[in-house]
Amino acid sequence: MKNHLGPLAFLLVLIAFPLAVRDPYYQHLMILVLMWVAIGSGWNLIAGFTGQVSFGDAAFFGTGAYTAGLLAHKLGMSAWWGLGLGGIFAVIIAFPFGWICFRLRGAYFALATLALNEVMRHTATIWESLTEGMVGILIMQTFVSKIPYYYIALAIAVVSLISVQVVMSSRWGYYFVSIREDQDAAESIGIDTHYYKMVSLCLAAYLTGLAGSLYMNYMGFIDPTIVFSLHDISIMAILVGIVGGVGTVYGPAVGAFIMVAVSEVFRTGGFGLLEKLTAATGSPVMVLVTKYIKEAHVLTFGLLVIFVILFLPNGVVGGWRKSRRSH
Amino acid sequence: MAYFETLGLVKLFGGLAAVNGVSFDVNEGEICGLIGPNGSGKTTIFNLINGYFPLDKGEIYFNGNKISGLKTHKICREGIGRTFQIVKPLKRMTVLDNVLASAFLRSHTKSEAVELAEKTVSFCGMTSLKDKVAGSLPIASRKRLEITRAMATKPKLLLLDETAAGLNPVELEEAIALIKKIRDSGVTIIIVEHIMKVIMTVSDRVVAINHGMVLAEGTPEEVASHAGVIAAYLGEDYCAAG
Amino acid sequence: MKRMRFGVVLVLVLVPAAALVGLNPVQAAEEPIKVGVVLPLTGEQAKFGEIEKNSFLMGVEEINKAGGVNGRPIKLIIEDDMGKADVGRSAVEKLISRDKVVMLTGGYSSSVTYAICAVAQQRKTPFLVTTGSADKITEQGWEYVFRLNPPVSEYPKALNAFLQEVVKPQTVAVLHENTLFGQAGSQEFAKQCEETGIKVIVKEGYEHGAVDFKPLLIKVKAAKPDLVYMISYVMDAALLMRQSKELNFNPKLFVGGGAGFTLPEFVKNAGEAAELVFSATLWTPSVPYPGAQKYYDDYMKRYGSPTEYHGAEAYASVYVVEDVLKRAKDLTPASIREALLKTDKMTVFGPVKFTSYDKKTQQNSLPTYLVQWQKGQLETVWPRNVATKPYVYPVPAWSQR
Amino acid sequence: MEVFVQTLVAGVLKGGLYALIGIGMTLIMGVMGIINLAHGQMMMVAMYLTYVLFHYLGIDPYMALFVSMPSLFLLGMFIQRFLLNPLMKVESILPENQVLMTVGIAMVLTEIARFIFTSNYLSVQTSYSTKAWYVGEISFSAALCVAFAFAALLSAGLFGFLVKTDLGRSIRAVSQDNEAAQLMGIDSERIKIITMGIGAALVAAAGTLLLPIYYLFPDIGGPFTRKAFVITILGGLGSTVGAIFGGVTLGLAEAFGATYIGMDYEDMVGLIIFILVLLFLPGGFKRLTKV
């Protein structure tokens, strides 16, 4: 129980956050962070814990988003139903895919997920009669205030973390990690590796699909290039997982915060802090630095990614075993 | 029908027969040694029994059931555990977690599994190492971990693949003791081993393999004095000269 | 290792915290009026974002040199949306909350524009949409959203008149890029064709950036359409024309449906294959609006590369912003909105006036033109009253051009 | 019939270009066992080099090969030496760390290009950019024919290099069994550095040959990276001849898909073939031809 005190305290802080910080800008950033916690947890489950690296999380994310969007657009239902169904539809995509593709190992599986990502994006683009193609799906947002979205996102993030925590301390968790560590050994001790990889993938797809539905509801507009984006969703999910900590329960939470917050810090030049400093000091070096960071924030960010992979290969939060010392 | 029985196992690799019509029986409760020179197909036979490779021909029966054609994990569920010649520890997990992962197979709840794992760890004499990370263990402990992990699946038949290779004399004695202890607990064992001392001391019966075929079968003494076996190990010339 | 992690955490906590604490806006006497601009400056749409950014900066510099808004300069705060809706939303939240801009403009891709619109409406901050062209954006009844450019469905207006009066084609092939612009535009065009009795025999999309259009063109050629209508951006457009010429494909006419066919880069890349190609367009430097050509020349001089209609939209936007801020009785959202509603301003992009029609509200409406490449020059050929040259039709086969 | 033949020609010629893009990747994936997601971006760097040489120094793209290939060779070596090799020494849970590193490299290369050249479309117009040869009604694009010939030449050369020279044999040894090769005294780190260099130089050739008939902007790399790994999987890892087969197969599949199904489906056809090959022909065409 002692282990849970820290997270509980942190949860209380998060619950109080929108009441303390009224600025919608920061609330918006936190909603994104919480959404990425769910996606990152999903990725971490299949890749970090089970060792089956996925480059195609966007396939599930997009399915969740489109489920919510199409429910509203085609059936006139509330897009909030998507929160219930988005994850399920993502699983419906994940299931046959995993069934067929889990005979592939390592990088080959990763490539297959990448292909799934692209196939889904093309399908959503071409199938105009269903998805409206690139015209996209537009729904009216339910709330003006960000606070309801914040709490829904928080609930999803907490559910993700708790389910990962629960799964990982159960039989499934041990099986997942065994598969990651050595698939042959896992088979030889009676683990149906194909089946448990499927379980892991479907759980991951569910969480990712859930996040996708949240995105649709919160942003109100989607098109195939946004939600099936290889770069902005799939790779971002991997970065969240890796930066935070591969195979750790709270890693994706840290990763999500870093990826969203740091990229925003770079994008805005430290929320405008750099410009203030430049104006205050008037030093030409600062002018140069500010100009560089403002114009090349993606470059800076890319350098950060390289740095993290080189020097923190298992992310900011350490490896699985460390968090299991308490046993 | 014997407790464990293989009938005409054949495995081809790219047209070459690695195992070519191997049939042998193992009786309940005995230790059966599998010997043969390098490349004679012993490990391949294990991989066939264990379902790691699909059989090209032949059948395997265990405890009255046909197990050939089943998936590896099903075969384990049937009660056949194995160790690997090249050890495959779950590196980033502790010794106890390694064992726990396999103890789940015969447990309904986690607490049951933990209990079984602790019991197995202490049975195999690894209690002092149980919180060590598997990747950090020396080779002898890794080999022992292989056995411990296999034992946690409560096997009726255990396949040991070169568990004694690379051990020093003290560790060797410990390993032999452990194997005997496992046999005494009621587990049937098939053991592949290079070190003759181990085979001769623990085996009740020995099957000699060469070129993927059974060369001789019998008590350790019978097989050791079999002309063909000596020839296979030491070369035709030695045999002719002798 | 542990110390490193601590360091990382420290940085992560301190930077946002410092940002939160230290940044209250400083009040000054001749304080500039802040206007937020959201554009894609990185990512795949960055090319257009850059053109718009440059045009915005050029425009605002001219305005401020001429005295700004009643003596106060305009300060544009340009934010990068990276082409992502969620980042666009972050950007606009920041502009409103932290920078306290009085109004917003910009918005390139429809997805980002939509995200900005939703926030602008919620936070009651007037937003002048520069580019985002999805029809739905002005169909939501948002009172704080105004759009300068026409919606995508209205682009082929001039072409229709030309087809009915002059060409009278029986069959048409429609090729389009799989983007919002391509898909929505081709649907609208196909619908209009069906209504006027022109048969659409091929309608096909392609992924932007294809290397080889020959398989598509071979098929279209075999179908023998009278007219080929293509919604493509500049480099795809050039490749399409080049490869049509290579395949000796001779329909009665080729018409481009996007801005792609009117750019200097198009004629440079397509070479002879550009000759006598028509295009429907909203804007070229030769449109009959005051300052259009001058804007084009100034841009070329200043940035060394050609601008196009997105740039003109941006340049026009900043002048509309100036006009609106001058007329607004104060800088509250309500007054700015009032002023926007009463806008009637001639810009390089055409007359700007926000009206409501069909389902749309606060939408600017602009005439469209038909242009044709003649001897390497882009000539406006339709409507007749503004034509700089008569159109060349029928178009001779490639071998005789 | 004309439609069929012209589609065939278009597919094969485009396939040649694809092969050129794929050869470098097949070598890198074969030897290093990693998916190089910066492959297209390296091609982009070569294209910018070619552009600069043409635009400022008036050097013909075909001559620019002599600059772009060595330059990218150095860039590839640099990346391997300082960014990828160090990763092999750090203990990490997922071997895919290297793949992620290439994602980071791709980001950095793209943004550096944007920083220097902005996002404008750039192109190189040569006399042969629009040239085509005709056989009856069927057209053959000159630049694509050259690219095809070059692809065949390079892959034959590379094949010879891998089979005949000591260095080539070492590369093959590392690709077959890294640990065994190290035991035999091969400095596998050095081999990997060289292999990455060669892979980069090969994709540089593709970029330089593509530029006259295509165009250039910083984000051009992504789609070509994806094509490259499809080709590699089709052809089989590490197989130069396989890359030609893979490239031509992809070219043909795309062309026939575009003509007979729809240009919408061009990419989809390639991806579906890719998944089918992954599943039913692991090892790609290499396994059928045994080359």
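This is a predicted model: local features need pLDDT of at least 70, side-chain atom pairs count only at pLDDT 80 or more; totals for chains, interfaces and linings use all residues.
Chain A and chain C bury about 4,300 Å² between them, 63% of it on carbon and sulfur atoms. Local features need pLDDT of at least 70 and side-chain atom pairs count only at pLDDT 80 or more, while totals for chains, interfaces and linings use all residues. Residues are numbered from 1 along each chain as its sequence is written, chains are lettered from A in the order in which they are written, and side-chain values use heavy atoms, with hydrogens and water left out.

**Interface of chain D and chain C**

- Chain D brings 40 residues to the contact and chain C brings 38 residues, where contact means heavy atoms within 4.5 Å.
- Tyr121(D), Tyr215(D) and Met263(D) supply 23% of the area that chain D buries against chain C, more than any other three residues.
- One salt bridge crosses this interface; a salt bridge is a side-chain nitrogen of Lys or Arg within 4 Å of a carboxyl oxygen of Asp or Glu.
- Glu2(D) forms a salt bridge with Lys221(C), with the closest N and O atoms 3.7 Å apart.
- There are 16 residue pairs in polar contact between chain D and chain C (both at pLDDT 80 or more); a polar contact is a pair of N or O atoms within 3.5 Å, and within protein one must be able to donate a hydrogen and the other to accept it, with residues adjacent in sequence counting only if both atoms are side-chain atoms.
- Helix α1(D) gives the most to the side of chain D that touches chain C, with seven residues; helices (H or I, at least four residues) and strands (E, at least two) are DSSP runs, numbered from the N terminus.

**Interface of chain A and chain C**

- The contact takes 53 residues from chain A and 46 residues from chain C.
- Val135(A), Leu138(A) and Arg267(A) supply 13% of the area that chain A buries against chain C, more than any other three residues.
- Between these two chains, 15 residue pairs are in polar contact (both at pLDDT 80 or more), and five salt bridges are found across the interface.
- Glu93(C) and Lys146(A) form a salt bridge, their closest N and O atoms being 2.3 Å apart.
- Glu93(C) is buried, with a relative accessible area of 0%, and Lys146(A) is buried, with 5%; buried means under 20% relative accessible area, exposed over 50%, and partly exposed in between (1.4 Å probe, protein chains only).
- Arg267(A) also belongs to a network of salt bridges that links Glu264(A), Arg267(A), Glu79(C), Lys94(C) and Asp99(C).

**Salt bridges and cysteines in the whole structure**

- Over all chains, 46 salt bridges are found.
- Glu93(C) lies in helix α3 (residues 85-97) of chain C and Lys146(A) in the loop between β1 and α7 (147-168) of chain A, so the pair joins two chains.
- Within chain D, the side chains of Glu111(D) and Arg114(D) meet in a salt bridge (3.1 Å, N to O).
- Both residues, Glu111(D) and Arg114(D), lie in helix α4 of chain D, three residues apart, about one turn of the helix.
- Glu111(D) is buried at 7% relative accessibility, and Arg114(D) is buried at 6%.
- The structure holds zero disulfides over all chains, a disulfide being a pair of cysteine sulfur atoms within 2.5 Å.

Note on methods: Buried area is the accessible area (1.4 Å probe) that two parts lose on being put together, summed over both.
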